[in-house]
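Trainee: Before we go through this one, I would like to know what stands behind each label. Please show me the structure.

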Protein chains: 2
Amino acid sequence: MHSIDSSSVQDYVKTIYGFTEWQETPITASQLAVRLAVANSSVTGMVAKLVELGLARHEKYGPITLTPAGLALGLAMVRRHRLIETFLVDHLGYSWDEVHDEAELLEHSVSDTFIERLDRKLGHPVRDPHGDPIPTPNGLISRPDAVRLDSLDDGHRARVARISDDNPAVLKFLAGHAVGLDTPLLVSGRGPFGALLTVAVGDGPGSATLQLGGELVAALWVESLGTHEGCTVATV
Amino acid sequence: MHSIDSSSVQDYVKTIYGFTEWQETPITASQLAVRLAVANSSVTGMVAKLVELGLARHEKYGPITLTPAGLALGLAMVRRHRLIETFLVDHLGYSWDEVHDEAELLEHSVSDTFIERLDRKLGHPVRDPHGDPIPTPNGLISRPDAVRLDSLDDGHRARVARISDDNPAVLKFLAGHAVGLDTPLLVSGRGPFGALLTVAVGDGPGSATLQLGGELVAALWVESLGTHEGCTVATV
DNA sequence: GCGTATGTTTAGGTATGCCGAAATACTCCT
DNA sequence: AGGAGTATTTCGGCATACCTAAACATACGC
């Protein structure tokens with residue numbers, strides 16, 4: 001019989017879970033194939049296995065959803081991933097853009113004991129280096145009410161609450177411009193079609209402005225701090 | 001084509017290397033099968049693969065030896081294993097008898113970058129929690145001149161230099177009796193046929209005596225500190 | 001409502017790494 | 001030297017997880 005310990009099974013479940021963490025619609029077979037970088041036909045086969053294991057629901061030609069057991073496994077894998085990322089950054093000096101791949105490798109091999117001892121050593125962190133919430137051992141997770149940066153009007157102040165980790169180049173760019181978790185931002189202008197966003201980075205006299213568009217905007221979630229009238233911002 | 005990244009290949013090479021670390025005779029196919037807990041026929045197949053990869057030498061019905069490339073891989077795996085064990089004990093509060101299995105899982109998945117950063121964080125340790133030497137990144141390893149405890153005469157003082165990690169029960173027993181790395185011992189008597197050894201554990205008035213035999217003696221290597229005449233030892 | 005594009009599944013095949021059973025080589029003892 | 005016993009290899013098979021190509025559904029535009 002198949003087993004929940006297979007790292008493929010874990011990857012499929014984690015990816016299905018991850019898809020619905022920030023949006024509601026369930027994932028389809030081909031989207032799953034893209035995210036896992038496998039052929040569509042491989043997805044069909046593995047998803048059948050997940051159904052057999054009681055981890056997923058799937059009707060022919062329909063979307064794929066997780067059962068409670070699948071959700072629990074997904075949350076456990078996310079917990080592993082995020083705790084490992086936190087460790088790599090806090091204790092081994094990894095930078096943002098490096099952690100994801102290393103965590104991806106490690107999350108399948110460490111034991112539950114390892115994870116719980118790591119959690120204790122890290123002081124039971126509630127979010128990872130990208131701002132993503134870390135589920136508890138029981139699978140409880142808090143949904144931070146972050147919004148997309150481009151949903152804010154000019155003059156709005158905000159604090160970086162989450163940075164998508166699925167594009168290393170974007171992470172590198174942001175790190176290079178001193179944009180990190182909790183960095184204060186001020187939306188100070190909007191380019192053609194509203195697609196380009198000018199933001200002031202940092203507080204006070206040392207702040208700089210940055211043009212953000214496309215992937216960069218999509219990667220940033222912020223916690224709004226309200227509008228801030230009549231501000232002056234130094235230019236880079 | 002096959003690859004050096006396969007965790008099976010790594011396990012085979014590490015085991016072949018490990019066999020010759022403390023003795024000279026090369027390993028045979030069936031011994032390898034026992035240590036890896038696989039069937040003899042599996043060994044034949046995998047060893048052929050190692051030969052193809054240029055990692056091992058093997059003539060039909062003969063013993064198995066490593067090529068320089070195989071030796072390098074073996075040392076790299078041992079380095080990984082021992083650095084991970086050191087981390088687990090020093091930073092995550094693992095005990096002696098727990099580390100081995102966890103390290104076994106981790107050593108295949110972490111990257112070289114991870115290992116080198118871990119090494120730096122640990123302060124470039126030269127031996128692991130069992131006293132085994134940790135090879136350098138270039139594959140240099142120091143052979144500590146430890147001797148077996150039962151090669152010492154009565155009245156000999158010694159310091160625990162290495163503890164074999166292949167029997168968790170033995171490790172547990174020793175830890176429970178306050179015998180660890182660098183613990184001073186005094187050989188104070190010898191049982192029937194010389195098979196049972198009485199040793200005094202620790203220095204000064206707080207010392208206790210312990211009867212060691214069989215597996216326990218085999219698991220202990222010590223650095224001799226010369227004879228110590230006319231000592232008195234408290235009994236437990 | 002029909003055909004075409006897109007999405008999904010089926011069918012057949014590959015690579016890895018393991019197994020047990022049977023055949024074969026080696027070794028040691030007499 | 002011959003035969004018993006052990007060690008090793010060969011052979012056919014199994015499980016996992018992937019692939020490509022072809023068949024099949026679904027959905028959308030006209």
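Mentor: This is a predicted model. Domain 1 (7-66) and domain 2 (147-227) of chain B both give residues to the lining of the largest pocket, so that pocket lies between them.

Trainee: What makes a residue part of the lining of the largest pocket, and which residues are closest to its centre?

Mentor: A lining residue has an atom within 4 Å of a point of the pocket. For the largest pocket 30 residues line the space, and B:G18, B:R35, B:H100, B:D165 and B:D166 are the closest to its centre. The volume is about 920 Å³.

Trainee: Which helices of chain B supply that lining?

Mentor: At least two residues each come from α1 (7-21), α2 (29-36), α4 (68-92), α5 (96-106) and α8 (215-219) of chain B. The most come from α1(B), which gives seven residues.

Trainee: How do you know how many residues of this lining are charged?

Mentor: Asp, Glu, Lys and Arg count as charged. On that basis the lining of the largest pocket has 13 charged residues, along with 10 nonpolar and seven polar ones.

Trainee: What is there to say about the second largest pocket?

Mentor: Its volume is about 780 Å³. There are 22 lining residues, with A:G18, A:F19, A:R35, A:D165 and A:D166 nearest the centre of the second largest pocket. Domain 1 (7-66) and domain 2 (147-227) of chain A each contribute at least three residues to this lining. Of the helices, α1(A) gives the most, six residues. By class, the lining of the second largest pocket holds 10 charged, six polar and six nonpolar residues.

Trainee: Now the DNA. How many residues are around DNA strand C, and which come nearest?

Mentor: A residue is near a strand if one of its heavy atoms lies within 4 Å of that strand. For DNA strand C there are 22 such residues, and A:S30, A:H58, B:S6, B:A39 and B:S42 come nearest. Both chains take part: α2 and α3 (40-52) of chain A and α1 and α3 (40-52) of chain B each supply at least two residues of this surface.

Trainee: What makes the pair between B:S6 and a phosphate oxygen of DNA strand C a polar contact?

Mentor: The cut-off is 3.5 Å between N or O atoms. An N or O atom in the side chain of B:S6 is 2.5 Å from a phosphate oxygen of DNA strand C, within that cut-off. For A:Y61, a backbone N or O atom lies 3.4 Å from a phosphate oxygen of DNA strand C.

Trainee: Which parts of DNA strand C lie within 4 Å of the protein?

Mentor: Sugar or phosphate accounts for 76% of those atoms, and bases for the rest.

Trainee: And which side chains have an N or O atom placed by a phosphate oxygen of DNA strand D?

Mentor: Among them is B:S30, at 2.4 Å. The side chain of A:S42 has such an atom at 2.5 Å, and that of B:K60 at 3.1 Å.

How values were computed: Residues numbered from 1 in each chain as written. Chains lettered and ligands numbered in written order. Predicted model: local features only at pLDDT ≥ 70, side-chain atom pairs only at ≥ 80, totals over all residues. Heavy atoms only, no water. 1 Å grid on protein atoms, 1.4 Å probe; cavity = no way out; pocket = protein on both sides within 12 Å on 5 of 7 lines; lining within 4 Å. Points joined across faces, edges and corners; volume = space filled by probe spheres on them. Helix = DSSP H or I, 4+ residues; strand = E, 2+ residues; numbered from the N terminus. Domains from an automatic or database assignment. Polar contact = N/O pair within 3.5 Å; in protein donor to acceptor, adjacent residues only side chain to side chain.
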